[in-house]
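Biologist: Please take me through this model one feature at a time, giving the general idea before the particular case.

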Amino acid sequence: MARLEAAMAARPPLVFTGHLDTVPLGTRPWTFSPFEGDVRDGKLYGRGVSDMKAGVAAAVAAAVEAATGRPNRNIALILTASEEAGCVGARSIVETGGLGIASALVIAEPTGNLPVIGHKGALHLRVNAAGATAHGSMPELGVNAIYHAAAAIGRIEAYSLSRTPAHDWLGKETAVVGTIRGGQNLNSVPDACEFTIDILTVGDRAHAAILVEIGEVLGEHASVAETVANLPSVFTEPEHPFIACVLRILRKRRPEVAFELGIMPYFSDGSVLQPGYGNCPAIILGPGEASQAHQTDEFCFVPNIRDAKDIYIDLCRSW
């Protein structure tokens with residue numbers, strides 16, 4: 001974390017953030033080296049260039065440029081580790097204390113430099129169902145944990161279909177069972193079964209209340225063994241003055257584009273940093289392409305990186 005405290009500025013800082021970690025390469029061969037930063041036909045190729053090295057580069061360059069001369073506002077730059085694993089680095093920064101408050105937060109995740117005002121929260125759960133083992137020829141002597149899990153999963157499906165009402169921007173809360181694993185051999189009654197639930201949340205609904213609901217839905221033969229991720233949704237009202245400031249900058253730079261506010265499907269460090277900064281307004285805006293995240297031959301358009309840096313500079317001057 002780095003801070004620039006301008007001598008004449010009294011307002012809380014404008015904060016820029018991005019994560020430094022990337023996902024593995026995958027099994028498919030790459031056409032371009034994933035680690036050399038090849039530039040071809042205006043595209044920068046490599047693992048993490050869209051998600052989100054380009055955003056980090058633009059934020060760092062903007063902060064450095066803003067620090068030269070006589071800056072008129074306070075600025076902070078937060079670069080995190082392990083965002084892909086559930087915002088571990090951002091959570092560590094918040095837990096150490098000292099963030100204080102921010103006037104606004106800019107999350108440089110890949111949006112193609114289009115303004116995004118929020119994303120759903122994520123509540124990822126690992127569930128265990130217990131039973132008792134027995135020989136497969138004598139199932140009456142055992143308790144089949146897979147059957148217990150299957151019954152619980154059926155209730156989770158019904159629960160997921162009942163999620164209402166929808167948020168005006170973020171849509172509906174969803175719950176999906178993503179993995180299941182149980183049993184050790186074909187001819188034994190399984191005494192254990194594990195499955196995972198991916199719950200995407202909207203608005204300000206407390207995750208603690210959702211956990212209570214899930215416990216009731218699972219029933220007596222299954223229980224939540226681990227909360228793998230617990231990340232609230234990120235949202236800033238479209239009428240907020242900070243969002244208006246961002247839109248003015250974008251429309252002034254490119255008057256031919258009818259910029260529309262959007263929502264993104266993936267989570268970000270904003271889930272941790274926005275509440276850590278007292279629920280300050282936040283915009284998700286970065287030069288990378290969201291469709292390129294985690295892809296083989298990931299790329300980012302080079303001009304977008306320069307544009308993002310200039311947009312961030314304009315924010316430093318205008319907000």
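**Reading the folds and contacts**

Modeller: Let us begin with strand pairing: E8 and E13 pair in the antiparallel sense over eight bridges, where two strands count as paired if DSSP finds at least two bridges between them. Helices (H or I, at least four residues) and strands (E, at least two) are DSSP runs, numbered from the N terminus. This is a predicted model, in which local features need pLDDT of at least 70 and side-chain atom pairs count only at pLDDT 80 or more, whereas totals for chains, interfaces and linings use all residues. Residues are numbered from 1 along each chain as its sequence is written, and side-chain values use heavy atoms, with hydrogens and water left out.

Biologist: In what order do the four strands of the open sheet stand?

Modeller: In general, strands of a sheet pair through backbone hydrogen bonds, either parallel or antiparallel. Here the order is E10-E12-E8-E13, and the pairing is antiparallel. Strand E10 (174–182) and strand E13 (222–231) are the edges, each with a single partner strand, so one side of each has no neighbour in the sheet. Ignoring direction, neighbouring strands are turned by 20 degrees against each other on average.

Biologist: At what angle do helix H5 and helix H7 pack?

Modeller: Two packed helices are described by the angle between their axes and the distance between the axes. Helix H5 (residues 241–253) and helix H7 (residues 302–318) pack at about 130 degrees, with axes 10 Å apart (axes are lines fitted to C-alpha atoms, for helices over the stretch in contact, and angles run from 0 to 180 degrees between N-to-C directions). That makes H5 oblique to H7, since angles under 35 degrees count as roughly parallel, over 145 as roughly antiparallel, 65 to 115 as roughly perpendicular and the rest as oblique. The contact (heavy atoms within 4.5 Å) involves residues including Phe242 and Ile249 of H5 and Ile311 and Leu315 of H7.

Biologist: How many salt bridges does a search of the whole structure find?

Modeller: Side chains of opposite charge can pair when their charged atoms come close. The search finds 12 salt bridges, each a side-chain nitrogen of Lys or Arg within 4 Å of a carboxyl oxygen of Asp or Glu. One of them joins Glu65 and Lys309 at 3.1 Å, N to O; because Glu65 lies in helix H1 (residues 49–67) and Lys309 in helix H7, the pair ties together parts 244 residues apart in sequence.

Biologist: Which residues does a cis peptide bond join?

Modeller: Most residues other than glycine have a negative phi, and most peptide bonds are trans. The cis bond lies between Asp51 and Met52, with omega about -5 degrees, and Met52 is found in helix H1. Asn279 has a positive phi, near 60 degrees, and is found in the loop between helix H6 (270–276) and strand E16 (282–284).
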